[in-house]
Amino acid sequence: MSESLALNALLFLPVLGGILLLLVPAQRADVIRGVSMLVLLVQLALAVWLYLRFQSGVSGLQFETRLPWIPGLGVHYHIGLDGLNLLLVLLAAFLGPLVVAGAVKSIDRDVKLFHAMVMFIQFTMIGTFLAQDLFLFYVFWEAMLIPMFLIIGIWGGERRIYATLKFFLYTAFGSILMLAAVIYLGYTVLGATGSPSFAFTDLYALELGLEVQIWLLLAFALSFAIKVPMVPLHTWLPDAHVQAPTAGSVILAGVLLKMGTYGFVKLGFPLFPDATLLATPFLMTLAVISIIYGAGLALVQDDIKKIIAYSSVSHLGYVMLGLVSYNLLGVQGALIQMVSHGLVAGGLFLMVGMIYERCHSRDLAAYGGLAKLLPVYSVFFLILTLAAIGLPTTSGFTGEFLVLLGAFTAAWPLYEQGVGYPLALAALAVLGVVLGALYMLRLARRLLFGAVQTPVAVVSDLDLREKLILTTLVAAIFVLGLFPNHFLQKTEQAARDYQEQMLYTPDGEARR
Amino acid sequence: MNPETIEMVPTSAPVLDAQALFFAALPEHLLLLGIVVILILDLVSSRPRDPFVPALITVIAAAGAALWLHLTGYSGTPFPGQMSVGPDALAAKAVLLGLTVPVLLLARQERLDSQFAMLLLGSLYGIGLMLSADSLLMLFFGIELLSLPLYALVVHGLRRPESAEAAMKYLVLGGVGTAVLLMGISLTLGATGGLSLDDFRIAMAGDDFLSRGAVVLVVVAFMLKAALVPFHAWAPDAYEGAGIPVTAYMATIVKGGVVLALVHLFNGAEAGVHLVGLLIALPLLSMVWGNLVAMRQQGFRRLIAYSSIAHAGYLFFALLGVSEGRFEAVAFYVLVYGLTNLLAFACLPAGSDWVRDRLDSLKGLYYRDPLAAILIGVAMLSLAGIPPFPGFIAKFLIFQNVMAAGFVTVAVVGLVASYLGIYLYLRVIQYMFMSQKPEHTVPSPAGAYATTAAVLSMAAVLTLAIFPNWILAWL
């Protein structure tokens, strides 16, 4: 009981924070930052506590709350934790304080509005993860665009308006088709059971024809694939990342992109399993193309932020690959990879922001030899680089390794049956790891080593605040890399259930 | 009782019921009383009087009466065959009269004289008649009573030569609408031999040429009044020519009243085969055209005009849907759409009428008046149908209704058309928040009345966003 209360508190704390911020005069930037930080730290504490209280090995939702919201439409305020959203909620709560801490220097105007927007986005992101009612999910999913639109549009770089409109219009296009599918599902439930409902559990129970499933999956998948983003729907991402302020990039890469992959694993795939199985070759191919193509693009960029943006496309390709392997290892790996990418990409964007604050340039060619000039910065940067590559002991290794292991495990029996493409695609995905090493090491080499060169004369090394932010992040990366079992235990049952849902009908027959 | 009256009633209907006569039309009686009071006050005083207080009391009393009657579940038939009132009509009246309160506040902020107040109340009386009409003639009477004061309101105060031109255009096209409606009514009489709304619904189900013609003409006349493409040409000019309160009134209450009257006319009936094409094509066309053209507008009123053309498209879409839940969907939409528009109008920066209208003058508004910018932003996002704002739920209800009737593809196309509108509302937000900080930031003091209107609208919008059920369960 007290856990469900805590979960509600976790969700609504940022709203409370936003209201508190309204009371603070706009000039008191320090108070605004302090209040935001405090609220988000309490949120993190709640998230950690709930994570520890979360029981492994139990199917279904924990710490549930279900209250009628719009009874006429069958809409409920329904939230809860399960193995799929547990780590993501923890990730979002973990990155929140870091975003606020990271923005102390870079956000120097309209501080109040900025922090209000951070609160808003924190509320909507965690709401999206927690929602167990499709209507509620959609409300959070779509509302999330508003604060991001303002964050990029107000505090972004020189082409911020173009980037933010592109971001909004791209994602809103996906959402509008998803809305059509949501409405359709709602009245299908009404037709099937006689009472309207948008509860996920009721929707899973629907038995839809294959053709209907295909259309609905298309609508959902478009929306989720834009958000992930999967090639070829990724073109909004580099613009948004490059123009966004550091905090925006961190939120975007850290949490927002995971909403797409979470949408797939929670809704898109299990709601329409037959259509998904039919589309698996296609989805797998797209995932591998995202891995390779994203890595290839990252390899040739000269804008540091763009390199990391494209690396996100590549890394989230692994998540997709793991999800469509329908293999316990692969799905578990995908869940870990989501968190790992959130930490690593978030960290890299923070570090790019730190150097940008000092030198006002993101051009790789303008830098060189920072290792001599900024030793502390360079150590952190190297650690993050190695984590991005997926070196053992870092979180990146756990995620990518499990995904690839899962993909191969799933592909091998198919190969023996004469279906060769999964094996070929899994083999190609390994190439992504090599390419990942190439582009990250290229970035690190040109940034940290070689002749000393910076766009401005005097550059100072990291201060205490920055060290603290990065130490926290790096610690989390190592915890996830060294003790993955703790996290995997919590998600295992959910991954099993997902696998079950995908491969077998409710009656226990194999779907394929 | 006058024997002639009894003879006029076609059936062996009961004699006039004095109680029903009083209660069924209580909101209208109050409006009439208000008009008379304002008129007398104007006559007895030597200098121009401010009619704000009596007008406000009148509107609140009328809205309250409608609400009260609705809550008690009242239904009555003061004039059998001509006029009857049910819960839906009372709810619609309560919504529309309630929306008039911010309009009056806006009018008071600009300038409010007795003529304005009387014209406005008279026009509201027309809306009341329309919604309780039981025969096509009464409906026609209501529409005319709604429109005639409007023509005068557009030129009222005659700010610019354009106002006269706009009113003229409106008058001519409104006249065409009247003619089309009358023609449709005549054809209905020819096809069914009666003028009651039931006869019209028989014509809706009919398959002969006369019935089809009758129904199409009547619906087209309503489309003209609600400004659907291709009958929309008058709207941008009329909206631009009129003062801001009148524009707000036309865009919200008049449009909502017209659509609600059509819903009342359709009642339980669903669109027949010959109407379906019309009700798919023109609303879709309105959504696409309205949203596209609105993107290019530089004036706020013209932007709202084109956006309201698109919104008329969504509203008419509801007529395509199943009759169950149609009234709730439309009434909720009208309420939300009206409130958000009024919220935006109430927050426009102060200044001369012409300056206020330019979208440019919104640039950097956040840095001059953050609250106004945020409130306009909320209004724009709600109009765009972005959750968590109530415009989303309103849009959801309409499209759910359409899909439930089996028009899945049409609903999807409609949703995509509504997507086109997102850009135009985002552009307003971009102007307010993302333009260069103006060098000299003159705080623009909003008037007390406009602020009150904004606060009232915002409170209602928030309530509808968080507890949409309160209203939905009540409707």
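The legends below describe close-up views of a predicted model.

In this predicted model, local features need pLDDT of at least 70 and side-chain atom pairs count only at pLDDT 80 or more, while totals for chains, interfaces and linings use all residues. Residues are numbered from 1 along each chain as its sequence is written, and chains are lettered from A and ligands numbered from 1 in the order in which they are written.

**View 1. Helices α12(A) and α18(A) cross at roughly 20°.** Helix α12 of chain A spans residues 273-299 and helix α18 of chain A spans residues 421-448; helices (H or I, at least four residues) are DSSP runs, numbered from the N terminus. Their axes come within 8 Å; axes are lines fitted to C-alpha atoms, for helices over the stretch in contact, and angles run from 0 to 180 degrees between N-to-C directions. The two helices are therefore roughly parallel (angles under 35 degrees count as roughly parallel, over 145 as roughly antiparallel). The crossing of α12(A) and α18(A) is left-handed, that is, the near helix is turned anticlockwise from the far one by less than a right angle. Among the residues that meet are Pro281(A), Met284(A) and Val288(A) from α12(A), and Leu425(A), Leu428(A) and Arg442(A) from α18(A); contact requires C-beta atoms, placed from the backbone, to lie within 7 Å. By class, this contact has 17 nonpolar, 4 polar and 1 charged residues (Ala, Val, Leu, Ile, Met, Phe, Trp, Tyr, Cys and Pro count as nonpolar, Asp, Glu, Lys and Arg as charged, and the others, Gly among them, as polar).

**View 2. Helices α3(B) and α6(B) cross at roughly 165°.** The axes of α3 (residues 26-44) and α6 (residues 114-132) of chain B come within 9 Å. That angle makes α3(B) roughly antiparallel to α6(B). The crossing is left-handed. On the α3(B) side the contact includes Glu28(B), Leu31(B), Ile35(B) and Asp42(B), and on the α6(B) side Ala117(B), Leu121(B), Tyr125(B) and Leu129(B). By class, the contact has 12 nonpolar, 4 polar and 2 charged residues.

**View 3. Chain B touches chain A.** Here 25 residues of chain B are in contact with 26 residues of chain A. On the chain B side, α19 (390-404), α20 (408-434) and α22 (468-474) each supply at least two residues. The largest share, 12 residues, comes from α20(B). By class, the side of chain B that touches chain A has 22 nonpolar, 3 polar and no charged residues.

**View 4. Helix α11(B) is mostly covered.** In this helix, residues 234-241 of chain B, 8 of 8 residues are buried (20 or more other C-beta atoms within 10 Å of the residue's own; exposed means 12 or fewer, and partly exposed in between; C-beta atoms are placed from the backbone). The buried residues include Trp234(B), Asp237(B), Tyr239(B) and Glu240(B). Their cover includes α7 (136-155), α8 (161-192), α12 (244-266) and α14 (300-317) of chain B.

**View 5. Val330(B) lies in the largest nonpolar core.** A nonpolar core is a set of buried Ala, Val, Leu, Ile, Met, Phe, Trp, Tyr and Cys residues joined through C-beta atoms within 7 Å. Of the 405 residues in this core, Val89(A), Val330(B), Ala331(B), Phe332(B), Tyr333(B) and Leu343(B) touch the most other members. Not counting residues up to four places away in sequence, Val330(B) touches Val259(B), Leu260(B), Val263(B), Leu315(B) and Ala318(B).

**View 6. Two cis peptide bonds, one in chain A and one in chain B.** Most residues other than glycine have a negative phi, and most peptide bonds are trans. A cis bond joins Val228(A) and Pro229(A), with omega about -10°. Pro229(A) is in the loop between α9 (210-227) and α10 (236-243) of chain A. The bond from Pro387(B) to Pro388(B) is also cis, with omega near 5°, and Pro388(B) lies in the loop between α18 (370-384) and α19 of chain B.

**View 7. His360(A) and Ala227(B) have positive phi.** Phi of His360(A) is near 55°. His360(A) is in the loop between α14 (328-359) and α15 (370-373) of chain A, and is exposed, with 10 other C-beta atoms within 10 Å. Ala227(B) has a phi of about 65° and is found in the loop between α10 and α11 of chain B. With 29 C-beta neighbours inside 10 Å, Ala227(B) counts as buried.

Terms used
Angles under 35 degrees count as roughly parallel, over 145 as roughly antiparallel, 65 to 115 as roughly perpendicular and the rest as oblique. Two residues are in contact if their C-beta atoms, placed from the backbone, lie within 7 Å.
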